[in-house]
Amino acid sequence: MDVLTLLGQLLNTTLVFSTALIFAALGGIFSERSGVVNIGLEGLMMFGAFAAAVGGYYAQDAGFGAWAPWVGVICAIVVGALGSLIHAVASITFKADQTISGTVINFLAAGSTLYMVKLLFEGSGETPLLAGFSKYKVPLLSDIPIIGEGIFSSYPTTYLAIVLVIVIYFVLFKTPFGLRLRAVGEHPSAADTLGVNVNKMRYIGVILSGMLAGIGGATITLTTTSTFAHNTISGQGFIAIAAMIFGKWNPVGAFGAAVFFGFSQAIRNYVQLFEWSKNIPQEFIFMIPYVLTIIVLVSAVGRSSAPKALGQPYDPGKR
Amino acid sequence: MQRFKKIFATDVYIVPLVAILLGFLVGAIVMIVGGYNPIEAYSALFQRVFGSPYDFGEAIREMTPLMLTGLAVAFAFRSGLFNIGADGQVIIGMTAASVIGIKFAGLPMFIVVPLSVIAAGLFGGLYAGIAGYLKAKRGINEVITTIMLNWIALFLSNYIVRTFLLLPGQNRSEDIPASLSMTFLNSLFDNARLHWGTFIALGAATFFYIFLWKSKQGYEMRAVGLNPHAAEYAGMNVGRNVIKAMFISGVFAGLAGAGEVLGVFHYQSIFAASPGYGFDGIAVALLGLTHPLGVILAAILYGTLTYGSAGMSFGADVPPELIRIVIGSIIFFIAAQGIVRWVLKPFYFKRKKEKVL
C-alpha cells in the first residue's frame with residue numbers, strides 16, 4: 001500500500017475514534033466550567049449509546065431510511081439530558097457531593113440500559129444490528145490527497161463534532177452566556193452579586209453536558225459498533241474526562257487531546273501492518289496511548305488549571 | 001436502653017437505613033414497570049445468599065475484595081484524593097502474588113504465602129504511589145493518571161502472565177501452589193472458596209481506623225484531606241502525605257488482588273477488559289461514607305446484592321442488571337441526604353415537639 005493512502009486512512013481512523021471523545025469532552029467542559037464535576041460522562045455516554053441504538057432501530061423499522069440514525073442521535077440527546085438531570089438535581093439542588101452523584105449516574109446507566117435492552121428485546125443482551133451512518137464525501141475537497149481521504153470522507157458526526165468545537169469555543173469565550181457560565185464556575189458568589197442565577201447556570205451546564213455526552217455515546221453505536229451491549233461503552237467516558245483535563249477545560253485543547261487519544265488508538269491497528277512490530281509484544285503497543293499521556297502530562301502541561309469553584313456546591317450563606 | 005435509643009436515633013444511622021429502603025423501593029418500582037414481581041425477586045435474591053452454606057460462603061468470598069477496594073478508595077478520599085485506579089492496583093497486586101507464588105514455590109509454604117501477600121500489597125502500593133508522586137511533585141490530577149495507570153496495569157500484567165507464567169495453550173497462568181484458602185472450612189461451607197483474605201480485609205479496616213484517627217501521621221493526612229492549604233500553613237508536608245496516602249490506598253487494593261488469585265482462583269487469567277474491581281470499590285467506599293466500619297458494612301450489603309442478583313434472575317427471571325439500579329439509587333439517596341431528610345420531615349417534627357414538652 002502506498003504511503004499517501006496509508007496516511008489518509010490513518011487520519012480517517014483517528015477521527016472515527018476521536019469523534020465520540022470530542023463530544024463527551026465538550027460536554028464535560030460545559031459542566032465543569034460551571035463548577036460541577038462530571039465523573040458521570042461514562043454513564044451519560046452509555047445512556048446516549050443505548051438511546052441511539054434503540055431509537056435508530058425503531059426509526060429504521062418505521063421507514064425513516066437514511067434519516068434513522070439522526071432520529072437515534074435525537075433520542076440520545078434527550079436521554080442524555082434526562083440522565084444528567086439526576087446529577088443536576090442531586091448535586092445542585094440537594095448539594096450532594098458531585099463526585100458521588102456522578103458515580104451514581106454511571107451505576108444507574110449501566111444497570112438501567114441493559115435492563116431495558118433485555119425488556120425490549122426479549123432477554124437478549126444486545127440490541128439488533130443497525131444500519132448506522134455512512135461516510136459522506138465532501139465534493140471536491142475529498143479529492144485532495146491525504147486530507148481528502150482522511151478528513152473529508154468522514155461520518156457526518158465527525159463534521160458535526162468539529163463544527164461544535166468552534167461553536168462552543170465561541171460561545172464560552174465570546175458571548176455573555178459563556179462569561180456567566182465561567183464566572184459561576186470560578187467565583188459563584190461574585191457572579192451571584194452581579195445578578196447571575198448561579199444554580200440556573202449550573203443546571204444549564206450539566207444538562208448541556210448530558211446532551212453532548214449522549215451524542216458521544218450515539219456516535220459509537222451509529223458509526224463503530226452498530227449495536228448496544230454491555231461493553232459498547234467501556235472506559236471512553238473516563239478517557240473523555242482525561243481529554244478534558246489534558247485540554248485544560250478549553251474546547252480547542254480538549255479537541256486536540258481527544259484527537260491524540262484517537263490517534264494512539266488508531267496507530268496500534270496500523271503498527272501491526274509492519275514487519276518490525278512483530279518483535280514488540282502486542283501489550284506494549286496497546287499501552288502506547290496511556291503511557292504517552294502520562295509522559296506528555298509530566299513534561300509539558302504542568303499544573304492543571306481547573307475552574308476555581310469546581311466541586312463546591314453553591315451556598316449563598318457561606319463566605 | 002435510653003442510651004441505645006439515642007445512638008440509633010442519630011442521623012448517621014437513620015439516613016443510610018432510609019436510603020437503603022428507598023433504593024429497594026426504586027428497584028421494586030422499576031420491576032413493577034417492567035412487569036416483574038418484586039417480592040418474588042427480592043426473596044429469590046436473599047434465598048440465594050442465605051439458602052445454603054455453599055452460597056453463604058461464596059457470598060463472603062464476593063464481599064472480601066469489595067471490602068479491600070472499598071477501603072482503598074475510602075482511604076484516598078479521606079486524604080482528599082480520588083483513587084479511580086484501584087482496579088489497576090488490584091491487577092498489579094494479583095500479578096505480584098502470582099509471580100512470587102509460582103516462581104518461589106520451591107520454598108516452604110509458610111514463607112512463600114506471606115511473601116506473595118506482602119509483595120501484592122507492596123507493589124499495589126508502589127503502583128498507586130506513582131499517581132501520588134505525580135500529583136505531589138508535578139501537580140498532575142490523580143484522576144487522569146490513575147485512569148491511565150489502570151490500562152497500563154491491565155496490559156502489563158497480561159504481558160507478564162503471557163510471557164512468564166503461561167499455562168501452555170490456555171489463556172491463563174499455571175496453577176499457583178501458594179494458597180490462602182481456608183480448606184479446613186470446606187466441610188462446613190460445602191467447598192465454598194473461603195480464604196484468609198477476609199481476615200486480611202478486617203485487619204486492614206482496623207488499621208485504617210487506628211492509623212487515621214489515633215496516630216499523628218493519620219491526623220496530618222486527614223488535615224491535608226480537609227484543607228491542604230491550612231495543613232501546609234501548619235507546617236505539614238502536603239506532598240509527602242499525598243504520596244503516603246496513595247501508597248497505603250494502593251496496598252489495600254493490592255491485598256485484594258492477592259486474595260483473589262491465592263484464595264479464589266489459584267491462577268491468574270489474561271484479562272480481555274478491565275475486571276471492574278476498582279469501580280465496585282468506589283461504590284462501596286461511597287456507600288460506607290468513607291468510614292472503615294461503614295465500608296465493611298457496605299461491602300456486606302453490596303456483596304449480598306451482587307451475589308444474590310444471580311439468584312434473582314434464576315428464580316424470578318429478572319435481569320440481574322436491576323441490582324445496579326438498586327445500588328445506584330441507594331448511593332444517590334445517601335449522597336443527596338436532603339431528599340432523605342425531606343422524606344423524614346414529618347417524623348422529625350414530631351420528635352421536636354416531644355422535646356419541647
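## A glutamate to start with

Is B:Glu58 buried or exposed? B:Glu58 counts as buried, because its relative accessibility is 2%, and buried means under 20%. Please keep in mind as you read on that this is a predicted model.

B:Glu58 has a charged partner: B:Glu58 and B:Arg193 form a salt bridge, with 2.9 Å between the closest N and O atoms. This pair links distant parts of the chain, as B:Glu58 belongs to helix α4 (residues 53–78) of chain B and B:Arg193 to the loop between α7 and α8 (197–214) of chain B, 135 residues apart. While B:Glu58 is buried, B:Arg193 is partly exposed at 31% relative accessibility.

B:Arg61 is buried, since its relative accessible area of 12% is under 20%. B:Glu62 is partly exposed, with 23% relative accessibility. Over all chains, the count of salt bridges comes to nine.

## Where the chains meet

Chain A brings 42 residues to the contact and chain B brings 48. The area buried between the two chains is about 3900 Å², and carbon and sulfur atoms give 81% of it. On the chain B side, B:Ile144, B:Met148 and B:Phe155 together supply 15% of the area that this chain buries against chain A, more than any other three residues.

Four residue pairs between chain B and chain A are in polar contact, with both residues at pLDDT 80 or more. Which elements give two or more residues to the side of chain B that touches chain A? They are α2 (11–33), α6 (109–138), α7 (142–165), α12 (277–287), α14 (322–335) and α15 (337–356) of chain B. The most comes from α7(B), which gives 13 residues. By residue class, this side of chain B divides into 35 nonpolar, eight polar and five charged residues.

## Salt bridges across the interface

Side chains of opposite charge can pair when their charged atoms come close. Between chain B and chain A, the count is two salt bridges. In one, B:Arg162 pairs with A:Glu283, and the closest N and O atoms are 2.8 Å apart.

A salt bridge also forms between A:Lys118 and B:Glu321, where the closest N and O atoms are 3.1 Å apart. A:Lys118 lies in helix α4 (residues 98–120) of chain A and B:Glu321 in the loop between α13 (292–316) and α14 of chain B, so the pair joins two chains. B:Glu321 is buried, because its relative accessible area of 16% is under 20%.

## Two loop residues in chain A

Finally, two backbone angles in chain A deserve a look. A:Ser226 has a phi near 65 degrees, a positive value in a residue other than glycine. You will find A:Ser226 in the loop between α9 (198–225) and α10 (236–246) of chain A. A:Ser226 is partly exposed, with a relative accessible area of 21%.

A:Lys248 has a positive phi too, near 55 degrees, and is likewise a residue other than glycine. A:Lys248 sits in the loop between α10 and α11 (251–271) of chain A. With a relative accessible area of 33%, A:Lys248 is partly exposed.

Definitions and conventions:
Residues are numbered from 1 along each chain as its sequence is written. Chains are lettered from A and ligands numbered from 1 in the order in which they are written. This is a predicted model: local features need pLDDT of at least 70, side-chain atom pairs count only at pLDDT 80 or more; totals for chains, interfaces and linings use all residues. Side-chain values use heavy atoms; hydrogens and water are left out. Contact means heavy atoms within 4.5 Å. Buried area is the accessible area (1.4 Å probe) that two parts lose on being put together, summed over both. A salt bridge is a side-chain nitrogen of Lys or Arg within 4 Å of a carboxyl oxygen of Asp or Glu. A polar contact is a pair of N or O atoms within 3.5 Å; within protein, one must be able to donate a hydrogen and the other to accept it, and residues adjacent in sequence count only if both atoms are side-chain atoms. Helices (H or I, at least four residues) and strands (E, at least two) are DSSP runs, numbered from the N terminus. Ala, Val, Leu, Ile, Met, Phe, Trp, Tyr, Cys and Pro count as nonpolar, Asp, Glu, Lys and Arg as charged, and the others, Gly among them, as polar. Buried means under 20% relative accessible area, exposed over 50%, partly exposed in between (1.4 Å probe, protein chains only).
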